[in-house]
Amino acid sequence: MPDPIRTFRHFRDVPDSLWRWRNFSPAEIACRGTGQLKLHPEALDKLQALRDRLGKPLIVRSAYRSPEHNRNVGGAPRSKHMDGTAFDIAMSNHDPVAFEAAARAVGFLGFGFYPRSGFIHIDLGPARQWGERFPARAAPFAAEAPPARETLADSRTLRGTGAAGVATVGAAGVEVAQEVLTEAQDAVLPLVPYLDTLRWLFIALALGGIAVAVWARLDDWKKGLR
């Protein structure tokens, strides 16, 4: 026995125990003008099945309409929206061709195409269709590839400049230590020549880091010309 169709004065009046459509809320399905809701389980079951089949959110532009709101928006006198069996779904995150095929597969029969407004109307029937289909998309929703080359260049550049910065600070620190030890007791004076060598080593590392950073940018620029 099919679940009964129920009408609620406001979507907030729908008991949680009656709502089983996990990807939708009563507010999404309710009348946009009055907040009223006609709960049509068969229609909502098919809507949830469509959501599961597509695997991505359905943006509901319009679902149930009260007779008053239907008149205000210029809906058809016998619009299926007033029965709670029709849904207008935005195509901003869907390929219209794949969406239509999936909607037919789960049992929707009525289709209205509104490419200028960016949505498709679906309902439980009778079987019919109107409007012009959406223009074909050459590569619908192609996955964005991360800019690997630029990321690699940034990584190499950061390593080079980081090494140069650390080495520069190290050389400056050694120079300060060298000056302090020079003024210290005679016992530590033998360390001063070794510190001078260490300072030059840091300077060499700094120059090497700068060279790596410059090479990374030039290499990336050459690859960009290929």
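Is His121 buried or exposed? His121 counts as buried, because its relative accessibility is 5% and the cut-off for buried is under 20% relative accessible area.

**Confidence**

The protein chain has a mean pLDDT of 83, with 71% of its residues at 70 or more. Residues 147-152 have pLDDT below 50, and beyond near neighbours in sequence this stretch has five contacts in the model. Where pLDDT is low, the predicted coordinates should not be read in detail.

His121 is part of strand S6, which covers residues 119-123. Leaving aside neighbours within four places in sequence, the residues in contact with His121 include His81, Ala86, Phe87, Asp88 and Trp130, along with Gly110, Phe111, Gly112 and Tyr114.

Ile122 is also found in strand S6. With a relative accessible area of 0%, Ile122 is buried, because the cut-off is under 20%. Contacts of Ile122, with neighbours within four places in sequence left aside, include Leu50, Thr85, Phe99, Ala103 and Phe108. Arg104 is 18 residues from Ile122 along the chain, and their C-alpha atoms are separated by 9.1 Å.

| Side chain | Partner side chain | Distance |
|---|---|---|
| Arg65 | Asn70 | 3.0 Å |

**Strand pairing**

S5 and S6 run antiparallel and are joined by five bridges. One of the bridge partners is Phe119 in S6, which pairs with Tyr114. The hairpin of S5 and S6 has four residues between the strands, and Gly118 in this hairpin takes a positive phi near 80°. S5 also pairs with strand S7 (residues 128-130), in the parallel sense and over three bridges. Here Gly110 has Arg128 in S7 as its bridge partner. Four of the five residues of S5 are buried, so the strand is mostly covered.

**The nonpolar core**

The largest nonpolar core holds 30 residues; those that touch the most other members are Trp19, Leu50, Phe87, Ile89, Phe108 and Ile122. The elements giving two or more residues to this core are strands S2 (37-39), S4 (86-90), S5 (110-114) and S6, together with helices H2 (41-54) and H4 (96-106). In soluble globular proteins, nonpolar side chains tend to be buried together. Ile122 is in contact with Leu50, Phe87, Ile89 and Phe108, among others. Trp19 is in contact with Val14, Phe24, Ser25, Pro26, Ile29, Leu37, Leu39 and Leu44, neighbours within four places in sequence left aside.

**Arg65 in the loop**

Where does Arg65 lie? Arg65 is in the loop between strand S3 (60-62) and helix H3 (67-72). Its relative accessibility is 13%, so Arg65 counts as buried. The side chain of Arg65 makes a polar contact with that of Asn70. Not counting residues up to four places away in sequence, Arg65 touches Cys31, Asn70, Val73, Gly75, Ser79, His81, Met82 and Asp88. His81 and Asp88 are also among the residues in contact with His121.

Technical notes. Residues are numbered from 1 along each chain as its sequence is written. Side-chain values use heavy atoms; hydrogens and water are left out. Buried means under 20% relative accessible area, exposed over 50%, partly exposed in between (1.4 Å probe, protein chains only). Contact means heavy atoms within 4.5 Å. A nonpolar core is a set of buried Ala, Val, Leu, Ile, Met, Phe, Trp, Tyr and Cys residues joined through side-chain atoms within 4.5 Å. Two strands pair if DSSP finds at least two bridges between them. pLDDT is the predictor's confidence in each residue, from 0 to 100. A polar contact is a pair of N or O atoms within 3.5 Å; within protein, one must be able to donate a hydrogen and the other to accept it, and residues adjacent in sequence count only if both atoms are side-chain atoms.
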